[in-house]
Amino acid sequence: MSSAMYERMRANPKFQDLVSRRGRFAWILAFIVLTMFYGFVMVVAFNPASLGQPVSEGSMLTVGVAVEFFMFVFFWVLTAVYVKRANTEFDALTQEIVKEAWKENK
Amino acid sequence: MRRLTHLTTALGLFAIAAMAYAGPPVEGAMEKSATNWHAIIMFCLFVAMTMGITYWAASRTKSTADFYTAGGGITGFQNGLAIAGDYMSAATLLGLTAMVYTQGYDGYIYMLAFFAGWPIILFLMAERLRNLGKFTFSDITAYRLDQGKVRTMAAISSLTVVCFYLIAQMVGAGQLIKLLFGLDYNIAIFAVGILMMVYVTFGGMVATTWVQIIKACMLLAGGTLVMILAFSQFGFSFQTLLEKATAVHKLGDKLMSPGSLLADPVTAISLGLGLMFGTAGLPHILMRFFTVTDAKEARKSVLYASGFVAYFFNVIFIMGLCGILIVGQNPEFFEGGTVGGKLIGGGNMVAMHLAKAVGGNMLLGFLAAVAFATILAVVSGLALAGASAISHDIYARVIMKGQASEATEIRVSRIATICLGFVAIVLGILFEKQNIAFMVGLAFGVAAAANFPVLILSMYWKGLTTRGALFGGYGGLVSAVLFVVFSKSVWVDVLHNPAPLFPYTQPALFAMPIAFLLAYIFSKSDSSVRAGKEIEAFEDQYVRAQTGFGASGASSH
């Protein structure tokens, strides 16, 4: 019974739409985070001196601290963006798919 | 009523023990005896409050779903706080403050590595975890694979991670309490172990979650207060703070650039991988995704949790920097009164000394109570995760093949919790001298290599078969542990061999590829009929992972 429901949902073009849109969105965001984080780790590993530079003449704030703080904030903002979109747009689409599968079932 | 009596007795016994041992001051530090009382009173208040919650939770814990996941009725915000609470252990508060104090910027790099796993968990895992799982993360791996074999493997690696993490927490608890409360190390270990058993056996996930939430609030509030009081001495100017700190610190101008901690690239990358993907493989964290009603709340909990974690790490960074000036320049905090010598109570006490310097004994007492509460809460979360692996995965699914009644399954979890409590007490006493940070690192390394690869493959890769999952899981587990045993920290420092067999201290960069590769090779070469069926079953699993249809708890809402 469950399996038949899954079959129906899979056949729904909206399901393909949901999977590809949400998947693409999630992977793009994950790619941004991974690239920035491992890019940063590579700089720490291979060129640490560049992170010790002050951001501007006479400032005690180094590039490393500024970049890291930015990442803390930016990653969290990306998280918020994802949650916002997934909890509205994608969840609505999911509900439609499930509802349509129920209807066909009857 | 009987439960209440038990709880009151346990609480009373603990209070008596605490008072009896609070008397003699710790090794030569006379002023410590005064501070003990503040800490003990606040800690007893915390315990009393959480015992009340446990009593309330005990009456609501009837089914296995209540016991393991609080009936799935925790909101996203509450769960976010609880996840943050599970993630921010005492090692975070004490260890990372100390790391910034001694190493400056390197400590901040560690924190980013601890944090960066969260967005990845959200984008790639949180939703599918919630949609596919019921109680433990083995539910996901075993969804379409051989229940018995896969669950046994997942339970073994969960328990391994839980045990390493437990050792770190117990040792931390013992040392901290010995110093702050004036209690004997072994008494402290017993107190933590027994309280943990009470929370988990009586209150299950409901009590564990609320202990975690209260503790997370205390930790956030206490840390913020210390940070504000300390930072105000520098007019809230980051510039002034850094100018003064670099002027007095022994690293000088190097304080704010990457230093010796991550000197070699392989270690830096391996650490980054281990911390990021280790987070995604910690059983007590993964378990938290099943306490919410649906994927929507699961996503929200990650948003809240990562917000709290990111905020708190930045608070700790400032605390550590303020510590350089406020603690590092004050002879009162050094043994024998020589600035630059050994800190009273060891390097991990920077946060505590800072609290005393800016807020007196009251604040020190409060922060000490928070640190102890933190350990207690994290240990409870771990014990629950370990107990579920034993009762839900091994007992109910492997031994009884799904035929166990809910009542016996809960009874087994309670017995497992009590056993784990004793194991934790014994390990805590045996490993008294072990380095805490190293044990935490090991737990993360094993989680990243043994749990994460199989989990992510079973969610994303159609081709994974039982055979592949077993080789990948066991391979990752064994190789991660071996890499650590052969590294300098065990082979040379503990076993006193002249040279390490494995040149790096962080296993993730090497053990993770081994796990993935073994899972791939042994899945691909598996041409059995069963493997064919498992691959076919991925289609339905995929629809459920995406839509949440059929996920437990979702139907009733």
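**Notebook: chains A and B, predicted model**

I began with chain A, where 40% of the 106 residues count as buried, a label that stands for under 20% relative accessible area, with exposed meaning over 50% and partly exposed in between (1.4 Å probe, protein chains only). The model is predicted, so I kept in mind that local features need pLDDT of at least 70 and side-chain atom pairs count only at pLDDT 80 or more, while totals for chains, interfaces and linings use all residues. Residues are numbered from 1 along each chain as its sequence is written, chains are lettered from A and ligands numbered from 1 in the order in which they are written, and side-chain values use heavy atoms, with hydrogens and water left out.

**Chain A, overall form**

I looked up the secondary structure of chain A and found four helices and zero strands, in the order α-α-α-α from the N terminus; helices (H or I, at least four residues) and strands (E, at least two) are DSSP runs, numbered from the N terminus. The radius of gyration of chain A is 22 Å, whereas a compact globule of 106 residues would have one near 13 Å; the value is taken over C-alpha atoms, and the globule rule is 2.2 Å times the number of residues to the power 0.38. Along the principal axes, the C-alpha atoms of chain A fill a box of roughly 75 × 25 × 20 Å. I also noted that, among contacts in chain A between residues at least 6 apart in sequence, 71% join residues at least 24 apart, contact meaning heavy atoms within 4.5 Å.

**Glu89(A)**

I then went to Glu89(A), which lies in helix H4 (residues 63-105) of chain A and is partly exposed, with a relative accessible area of 30%. Its side chain is joined to that of Arg85(A) by a polar contact of 2.9 Å, the term covering a pair of N or O atoms within 3.5 Å, where within protein one must be able to donate a hydrogen and the other to accept it, and residues adjacent in sequence count only if both atoms are side-chain atoms.

**Cores in chain B**

Which residues have the most contacts inside the largest nonpolar core? I found Phe46(B), Phe123(B) and Met125(B), in a core of 224 residues; such a core is a set of buried Ala, Val, Leu, Ile, Met, Phe, Trp, Tyr and Cys residues joined through side-chain atoms within 4.5 Å. Helix H10 (residues 185-232) of chain B gives this core its largest share, 25 residues. A second, separate core has 10 residues, including Leu145(B) and Leu457(B).

**Helix H4 of chain B**

Helix H4 (residues 76-87) of chain B has 12 residues and reaches 16 Å from its first C-alpha to its last, close to the 16 Å expected at 1.5 Å a residue, the expected span being 1.5 Å times one less than the number of residues. Because 10 of the 12 residues of H4(B) are buried, I recorded this helix as largely enclosed by the rest of the structure; Asn79(B), Asp86(B) and Tyr87(B) are among the buried residues.

Thr466(B), in helix H18 (residues 466-485) of chain B, is buried at 0% relative accessible area, and, leaving aside neighbours within four places in sequence, its contacts include Leu145(B), Arg530(B) and Glu534(B). Ser413(B), in helix H16 (residues 406-430) of chain B, also counts as buried at 0% relative accessibility, and, not counting residues up to four places away in sequence, Ser413(B) touches Phe67(B), Tyr68(B), Ala387(B) and Ser391(B).
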